[in-house]
Amino acid sequence: MKHLLRTLSLLSLILWTGCGDGDTASGAEAWVWNLPDTVPPPRVPEDNPMSLAKVELGRFLFYDTKLSGNQTQSCGSCHLQELAFTDGLARAEGSTGEIHPRSSMSLANAGYAASLTWANPAVVRLEEQALVPMFGEDPVELGLANMEDELLRRLREDERYPPMFAAAFPNQGDPISLDSITKSIASFQRALTSFNSKHDQGSSALTLSEQRGKALFFGGTTEAGVPDALECFHCHGGFLLSQAVDHDGSEFNQQTFINNGLYNLDSDGSYPEGNEGLFDITNDPADKGKFKPPSLRNVAVTAPYMHDGSIATLEEVVEHYARGGRLIESGPNAGDGFENPNKSAFLNGFEITEQEKQDLIAFLRTLTDEDLLTNPALSDPFAP
Amino acid sequence: MKRLGMVMALGALALGCGDDGNAPAEQQDVALSFAAVVGEEPFVCGDTYENLGANGTPLVLSDFRFYVQDVALKNAAGAWVPVELEENSFQSSGVALLDFEDGCGELGTPELNGIVRGTVPPGDYDGLQFKMGVPFEINHVNSATAPSPLNLTSLFWNWQGGYKFLRIDSGQFSETDWRMHLGSTGCEGDPMAGGVTSCANGNRTEVELDTFDVSANTVVADFAALVEGSAVDQDAAADAGCMSKPVDTDCGPLFANLGLSFGENPGGEQQFFSAE
């Protein structure tokens, strides 16, 4: 009878806590956004409010190799803090050695993306995006497909995690779940805000060269006498330096995908097969080669550039846009991107002097936020 | 023993959040049998099957799973009556997983399921309808919190959100092994809505077996019929086999056999399922 009573009271406890969303911020310290006045907070899903405990748990999970099938990689393996959460590679390498068709994107300000990854209008929540590298099979990234029970077991057996999960998800009977993992990692990613660059201090903080570059970037007239010759800001404008922005106050879907003339394999404007951007999702030939214009914040440390890492340096990026598309003279990808039928109307090419080029790059270098690259609160807790 | 009974009853109560699960008492039970075959032979996980597809290719098959939805039986008046699906580890939210792999492949599970269980109003029924798929309304909700069988990560369809409606693999996951993963494509999302708002290609195979005796017949899914006319030894585009990508021309004959539209082909009668 004693046993029964104990069982009953235990069960009533489970009953009491078992329903409802059980994920309020009670007991957890409140989260405060550290943002300049000019920047709105990101959109936070109602079912995943921010908390310090959750962000800290997310940081540990983000950097923990337990989150790959063979325990060789973590999210942080392809998203290194010192490179603004990119990996310096043209194309990422997954935990099983499979080479991803695309380059690891910077996670700086990931909470502000109108769509996630390079060109997928369907993926709009960081919580769901986290499932792609974890469980994706085509390509394999972290290689966790069918290993969800093993993953939960690994975390339950690590004495660090049960109290951290309990603190981050205070009203849940069994807080170590796939849902709480993706919610924590998403919260950590939302915390990767980056608005403390030299550029954010205003023009008066910039050198004359940087100021000239900024003017060119935002529509200034070149020495050749052409106003808004460079047209950079049409796709890379606003506080994010990307038009494809979403935030707490957004009322409209601002997803943006454009073709910037990297390839032109045939009369349809094809890109190399299997890596054709928005077309891979929509199958509309007019979408061939269309990718999200990424935020240019921290662009100086995120080389190599483009969705496939096919441009190595900022100098070459500027030359690419100056030509208005890339000419590949021979080989399987031969073709003139300038003639791509889907190319954006903003890619007309421009004349630029060597000094103007250096000014523009000097401005792009002011977009680096050293705090993001060095903040211990965002760093790898497992680093020796 | 008494204690165990009480604990189990309470356990059922505790698990019952938001779902009263009480079917009207007058409903009659139905159990629909499904089987997976390769031509004349039963599907056995890990077995080699000869003479498949357009070029008579052998394949070692290592996975064979699919979801069904919108299950209905035809009554004596000729009307289609929805089957109210039971909730169990292979069924939730009106969806059932038919699972013929036993874990012979790395991404499988030992549990098997060849039966869809539910209830219908009393009466005589002589036809069966269902779709292979997961309804749009639940296909794009958070799969990290979905109940079984919608929480199997090897059936997550991550690149578009949703689930793999059909998963058949050969070999052991090298990039050159033939595989077919079917799910919705051409999906669009909206950050305000927090998820997918529509998909251009639902890719749900519709099956109607006009004469089907629930107590005597079995729904047979035939891999040989699925790959009929398909050169499974070749990889003309994109992935080996078919990951449902609209650009993957290898999908053409497979989609045709599933009655699904693909490219110029408008789709038609499915050939994958039959009654036996």
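How many salt bridges are counted between chain A and chain B? The count is four. A salt bridge here is a side-chain nitrogen of Lys or Arg within 4 Å of a carboxyl oxygen of Asp or Glu.

This is a predicted model: local features need pLDDT of at least 70, side-chain atom pairs count only at pLDDT 80 or more, and totals for chains, interfaces and linings use all residues. Residues are numbered from 1 along each chain as its sequence is written, chains are lettered from A in the order in which they are written, and side-chain values use heavy atoms, without hydrogens and water.

**View 1. Chain A meets chain B.** On chain A, 43 residues are in contact with 46 residues of chain B. Contact means heavy atoms within 4.5 Å. The two chains bury about 3,500 Å² between them. Carbon and sulfur atoms hold 60% of that area. Buried area is the accessible area (1.4 Å probe) that two parts lose on being put together, summed over both.

**View 2. Domain 1 of chain A meets domain 2 of chain A.** About 2,600 Å² is buried between the domains, 56% of it from carbon and sulfur atoms. A:Arg43, A:Ala114 and A:Trp118 supply 23% of the area that domain 1 buries against domain 2, more than any other three residues. Two salt bridges are counted between the domains.

**View 3. A:Arg125 pairs with A:Asp47.** Their side chains meet in a salt bridge (3.3 Å, N to O). The partners lie 78 residues apart, so to speak in distant parts of the chain.

**View 4. Helix α8 crosses helix α12 in chain A.** Helix α8 spans residues 208–217 and helix α12 spans 354–365. Their axes come within 7 Å and cross at roughly 95 degrees.

How many salt bridges are counted between chain A and chain B? The count is four. A salt bridge is a side-chain nitrogen of Lys or Arg within 4 Å of a carboxyl oxygen of Asp or Glu.

This is a predicted model: local features need pLDDT of at least 70, side-chain atom pairs count only at pLDDT 80 or more, and totals for chains, interfaces and linings use all residues. Residues are numbered from 1 along each chain as its sequence is written, chains are lettered from A in the order in which they are written, and side-chain values use heavy atoms, with hydrogens and water left out.

**View 1. Chain A is in contact with chain B.** The contact takes in 43 residues of chain A and 46 residues of chain B. Contact means heavy atoms within 4.5 Å. The two chains bury about 3,500 Å² between them, 60% of it on carbon and sulfur atoms. Buried area is the accessible area (1.4 Å probe) that two parts lose on being put together, summed over both.

View 2. About 2,600 Å² is buried between the domains, with 56% from carbon and sulfur atoms. A:Arg43, A:Ala114 and A:Trp118 supply 23% of the area that domain 1 buries against domain 2, more than any other three residues.

**View 3. A:Arg125 and A:Asp47 form a salt bridge.** Their side chains meet at 3.3 Å, N to O. The pair links distant parts of the chain, 78 residues apart.

**View 4. Helix α8 of chain A crosses helix α12 of chain A.** Helices are DSSP runs (H or I, at least four residues), numbered from the N terminus. The axes of α8 (residues 208–217) and α12 (residues 354–365) come within 7 Å and cross at roughly 95 degrees. Axes are lines fitted to C-alpha atoms over the stretch in contact, and angles run from 0 to 180 degrees between N-to-C directions. The two helices are therefore roughly perpendicular, a word for angles of 65 to 115 degrees.

Technical notes. Parallel < 35°, antiparallel > 145°, perpendicular 65-115°, else oblique.
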